[in-house]
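Subject: Structure for your reading

Dear colleague,

Please find below the structure that I am handing over to you. My notes on what was found in it follow directly after.

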Amino acid sequence: MIINQLQLVNPYFPNATVLYYDITGSTAEDLRSQMDFLGPIDDNGKRYDALTRWYIRWCWPGFSQSPCELDKATVWYEIKVIFPCWVQFKDASPKLVAQWEEYIVALAEHENGHADYIVKNYQSVAIAIMNANCLTAESAAQAALVPLRKHDDEYDAITDHGRTQGARFP
């Protein structure tokens with residue numbers, strides 16, 4: 001009956017850091033209440049069971065001066081996934097443990113959809129920089145972030161924040 005949640009979740013995020021928040025309880029209602037109270041809060045002040053935050057950064061030689069070397073721009077990302085971790089579950093029923101395992105796998109699949117999109121598309125920022133000039137490169141990089149953010153919003157709308165993918169508990 002003992003599950004290793006880290007082994008279930010971490011493989012979904014090879015390009016991200018997973019930060020866990022602990023929840024406790026021995027019933028589905030306990031766990032739901034804990035996630036409702038302790039889950040991460042997004043930029044709009046809404047609380048979720050899990051949350052993927054990504055950051056894309058860039059620089060190039062001569063970043064703040066002329067001449068600049070946009071063809072040598074470097075772009076990198078950092079992805080953090082905030083995820084629930086059920087501790088002290090030894091008194092829970094095997095049925096609840098199985099339900100939890102199914103849920104966290106579905107939740108990990110959903111959050112990985114956010115992370116994977118960034119990994120596959122962050123270089124669009126580099127392309128925008130290289131297609132700009134020294135005066136417009138920064139604004140081009142910022143503009144390249146817009147479709148990445150839009151994708152997050154659309155993905156959550158289509159999946160109802162993972163519910164259509166099975167990320168619903170209980």
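The protein has 5 helices and 3 strands, where helices (H or I, at least four residues) and strands (E, at least two) are DSSP runs numbered from the N terminus. Along the sequence, these elements follow the pattern α-β-α-β-β-α-α-α. The radius of gyration of the protein is 20 Å, well over the 15 Å that the globule rule gives for 170 residues, so the protein is more spread out than a compact globule. That radius is taken over C-alpha atoms, and the globule rule is 2.2 Å times the number of residues to the power 0.38. The C-alpha atoms fill a box of roughly 65 × 25 × 20 Å along the principal axes.

Please note that this is a predicted model, in which local features need pLDDT of at least 70 and side-chain atom pairs count only at pLDDT 80 or more, while totals for chains, interfaces and linings use all residues. Residues are numbered from 1 along each chain as its sequence is written, and side-chain values use heavy atoms, with hydrogens and water left out.

Turning to the protein as a whole, buried residues make up 42% of the 170 residues. Here buried means under 20% relative accessible area, exposed means over 50%, and partly exposed lies in between (1.4 Å probe, protein chains only). The protein exposes about 9500 Å², of which carbon and sulfur atoms supply 52%; these areas come from the Shrake-Rupley method with a 1.4 Å probe. Among contacts (heavy atoms within 4.5 Å) between residues at least 6 apart in sequence, 68% join residues at least 24 apart. There are 14 positive and 22 negative side chains, and the centres of the two sets lie 2 Å apart. Lys and Arg count as positive and Asp and Glu as negative, without His and the chain ends; the place of each charge is NZ of Lys, CZ of Arg, CG of Asp or CD of Glu.

The cysteines deserve a paragraph of their own. A disulfide is a pair of cysteine sulfur atoms within 2.5 Å, and the count comes to 1. It joins cysteine 68 to cysteine 134, with 1.7 Å from S to S. Cysteine 68 lies in the loop between strand 2 (51–59) and strand 3 (74–86), and cysteine 134 in the loop between helix 4 (123–130) and helix 5 (137–159), so the pair ties together parts that are 66 residues apart in sequence. The torsion about the S-S bond is about -105°, so the disulfide is left-handed. Cysteine 68 is buried at 13% relative accessible area, whereas cysteine 134 is partly exposed at 34%. The sulfur of cysteine 59 is 12 Å from the closest cysteine sulfur, in cysteine 68, which is too far for a bond. Cysteine 59 is partly exposed, with a relative accessible area of 32%, and cysteine 85 counts as buried at 12%.

Histidine 151 is in helix 5 and counts as buried at 19% relative accessibility. Leaving aside neighbours within four places in sequence, histidine 151 is in contact with Gly113 and Tyr117. Asparagine 10 has its place in the loop between helix 1 (5–9) and strand 1 (17–23) and is partly exposed, at 35%. With neighbours within four places in sequence again left aside, asparagine 10 is in contact with Val18 and Tyr20. Asparagine 10 and leucine 135 are 125 residues apart in sequence and 41 Å apart in space, C-alpha to C-alpha.

Yours sincerely,
A colleague
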